[in-house]
Amino acid sequence: MTPLLAVDNLHLWYDAGGGRVVRAVDNVSFALEKKGEAIGIVGESGSGKSSLALALMRMPPKNVARFDGSVRLAGQELTTLSDDQFRREIRWRRIAMVFQGAMSALNPVLRVGEQIAEPLLLDHRYDKPAAGARVRDLLERVGLPADFASRYPHELSGGQRQRVGIATALALDPDVLILDEPTSALDVSVQAQILNLLKDLKDAPGISMLFITHDIGLASDLCDRIAVAYAGEHMELGPAERVLVTPHHPYSQLLLASLPRLHSDVPPRPMPGDPPDLSALPKGCRFRPRCPYAFDACREHPPAIPLPDAGHARCWLNDRNVAGARFETHLPTEARLD
Amino acid sequence: MALPSATLAPDAAATAALVALDDVSMVFRTNKGLFRSGQVTAVGDVSLHIARGETLALVGESGSGKTTVGRISIRLLEPTGGRVWFDGQDISHMPEERLGWLRKRAAIVFQDPFSSLNPYMTVSELIAEPLVIAGVRRRAEREERVRAALTAVDLTPAARFMHAYPTAMSGGQRQRVGIARALIREPEFIVADEPVSMVDASSRVEILNVLRGLQRERGVAFLYITHDIASARHFADRIAVMHLGAIVESGTARQVIDHPIHPYTRALIAAVPEPDPANRFRRRAAERWQDEPGAAIHLECPHGGSPTAETFLLQVPGEAGHLVACHVAAPLAR
């Protein structure tokens, strides 16, 4: 079956000046197989997770040094489309995005209704009365009263603004919704409400999602699969449950071990070392300087080694031939780190 | 309002504690226009105490009043009601010019390591500034103490960081500079207001471990203000949950997190997305939260109580130190 969204060998590099290149998205591949599937892209600041969203929306910043790869939506190659075609046919219409920062993503002088109606009217797809009806419909779908259409953003709470952001993204019935830290400025109770809404949208009408977050707990709550981003690469990809219980990349293991758990007295363990300078990446495996398992093979940059669950891990420990006896011992039943 | 006399005897817990708040409230006046003014009760009748070398976590969502309580506890704010005691002295309304001794013995670490450090000062200047203000004239002594503070927060080798600017450092490193700065006058009490909320997940533990180390090795007491109840479990001795300006439940992690009684505590815990396979795709019982702009989030009382009703903490039977402001559930617990 043709996947809904297939991303292959995507690169988005930035020119940071002085001959330095930042590899924000570096050879990233994944696929959203079907309607209603969600993938969580989990990473810390500088892992390139937001750049991935900009690459897929084709909204890269000006200082691009390299932007290539393949993005296919229901089999159609998008990277060969002209900017004009992409704007008319794909962006917002088939792939839409909800931005980080519920507070700043809305125009403060536009009423909520005008804001949501903007893509509808620009497109000449709706006349004014039909757009008004559609706006009321969208507001209800995101759990807001229809009369919120006449309110201004400052009259809304952070959670309500983020709902408006979601309504705007849903306006043209996209197939894929990209969410970039949609709850990062919100309290945990409001975050839970937004997550409930996203779970509903995922079930019906079956919107597929790319959920970008620094919070692996949040990602696993909503997403079927999780990709763990580090220094521009996806170090690991797999079913959320498997990644949480038996992470196959040391970075995923250490990240999970560093989280304070609510219902366990096992103390969280600090991650060794510092995040890498993205314009001066270590040779070989990018996690090698911080990795407690590093061995000779790690001087060589590891490919995405396929795993039986159709995921991958960019770590030589997953290659039986290279890792030798280590292959048997490193995989945790629980996170085996000692 | 007449100044309360400082000679009134506080209760026993307050005298034994390093820091004690006794029915503290804080009412802010708001200006809504030329002729209209209003009042916001940020904190209402909060009592708490922190022993020497103890860490109390104050957990709550935005608007719960937790930051206000933190600021009152070291008299960065003057409370509009109640008493604040520091080492047996009533500091509730002590004038600022008489608080010099407190500024040495208590300090604060701010939330935002990006805006709370002056980008034009080196790490060494930033950390030494409180010493300069305190009149430590000898440069060599200041440098020696800066070096010791950097070592205490694991920014080593100290020489590598002393002449660096904060802009060249990661969020986690900057926050450690903030802690070193709070530490430089060797305080007995530190208010840490969301010290890791703006730091990447993998660097948080390291910072919290630094704070825990200071508590264990130097006997520093902490008020750890956070929205992250999971971190409170691991880095505090006791937890107090704040909601709408009041403490609704307090006790040990085992009491508050493993056996929560107050409906708000229960809802707060249920809303946490733990990275646990058993916890996925769950609808979190958050529908009943009110979410209005400007208003604090509040939960309808499942027992039909009013959110504005006067609340006071009840002792949970058979559970020393476990206090709950729920008059329906507390007497029935266990």
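Trainee: How many salt bridges are there between chain A and chain B?
Mentor: Two salt bridges, going by the computed count between chain A and chain B. Keep in mind that this is a predicted model.
Trainee: Which side chains meet in a salt bridge at 2.9 Å?
Mentor: The side chains of A:D265 and B:R233, with 2.9 Å from N to O.
Trainee: And how many residues does the contact take from each chain?
Mentor: Chain A puts in 50 residues and chain B puts in 41 residues.
Trainee: What area is buried between chain A and chain B?
Mentor: The size of an interface is often given as the accessible area lost when the parts come together. Here about 3,900 Å² is buried between chain A and chain B, and carbon and sulfur atoms give 52% of that.
Trainee: Which residues in chain A lose the most area to chain B?
Mentor: A:D187, A:V188 and A:L262, which together make up 17% of what the chain A side buries.
Trainee: OK, helices now. At what angle do α4(B) and α5(B) pack?
Mentor: Two packed helices are described by the angle between their axes and the distance between the axes. For α4(B), residues 123–133, and α5(B), residues 139–152, the angle is about 115° and the axes are 9 Å apart. The crossing of this pair is right-handed.
Trainee: Which residues make that contact?
Mentor: From α4(B), B:V123, B:S124, B:I127, B:A128, B:L131 and B:V132; from α5(B), B:R142, B:R145, B:V146, B:A149 and B:L150. By class, the contact of α4(B) with α5(B) comprises eight nonpolar residues, one polar and two charged.
Trainee: How are α4(B) and α7(B) arranged?
Mentor: α7(B) covers residues 171–183, and α4(B) packs with α7(B) at about 30°, with the axes 7 Å apart. The two helices are therefore roughly parallel to each other. The crossing of α4(B) and α7(B) is right-handed.
Trainee: What does α4(B) use to meet α7(B)?
Mentor: B:V123, B:L126, B:I127, B:E129 and B:P130 in α4(B) meet B:V177, B:A180 and B:R181 in α7(B). That contact of α4(B) with α7(B) has six nonpolar and two charged residues, and no polar ones.
Trainee: What about α7(B) and α8(B), how do they pack?
Mentor: α8(B) runs over residues 201–218, and α7(B) packs with α8(B) at about 20°, with the axes 9 Å apart. So α7(B) is roughly parallel to α8(B). α7(B) passes α8(B) in a right-handed crossing. On the α7(B) side, the contact residues include B:Q175, B:R176 and B:I179, and on the α8(B) side they include B:E206, B:I207 and B:L214. The classes there are six nonpolar, three polar and three charged.
Trainee: Switching to the backbone: which residues does a cis peptide bond join in chain A?
Mentor: A:A204 and A:P205, with omega about 15°. A:P205 lies in the loop between α6 and β8 of chain A. In chain B, the peptide bond from B:T156 to B:P157 is cis, with omega near -5°. B:P157 is in the loop between α5 and α6 of chain B.
Trainee: What phi does A:E181 have?
Mentor: A positive one, about 45°, although A:E181 is not a glycine. A:E181 lies in the loop between β7 and α6 of chain A.

Technical notes. Residues are numbered from 1 along each chain as its sequence is written. Chains are lettered from A and ligands numbered from 1 in the order in which they are written. This is a predicted model: local features need pLDDT of at least 70, side-chain atom pairs count only at pLDDT 80 or more; totals for chains, interfaces and linings use all residues. Side-chain values use heavy atoms; hydrogens and water are left out. Axes are lines fitted to C-alpha atoms, for helices over the stretch in contact, and angles run from 0 to 180 degrees between N-to-C directions. Helices (H or I, at least four residues) and strands (E, at least two) are DSSP runs, numbered from the N terminus. A crossing is left-handed if the near helix is turned anticlockwise from the far one by less than a right angle, and right-handed if clockwise. Contact means heavy atoms within 4.5 Å. Ala, Val, Leu, Ile, Met, Phe, Trp, Tyr, Cys and Pro count as nonpolar, Asp, Glu, Lys and Arg as charged, and the others, Gly among them, as polar. Angles under 35 degrees count as roughly parallel, over 145 as roughly antiparallel, 65 to 115 as roughly perpendicular and the rest as oblique. Buried area is the accessible area (1.4 Å probe) that two parts lose on being put together, summed over both. A salt bridge is a side-chain nitrogen of Lys or Arg within 4 Å of a carboxyl oxygen of Asp or Glu.
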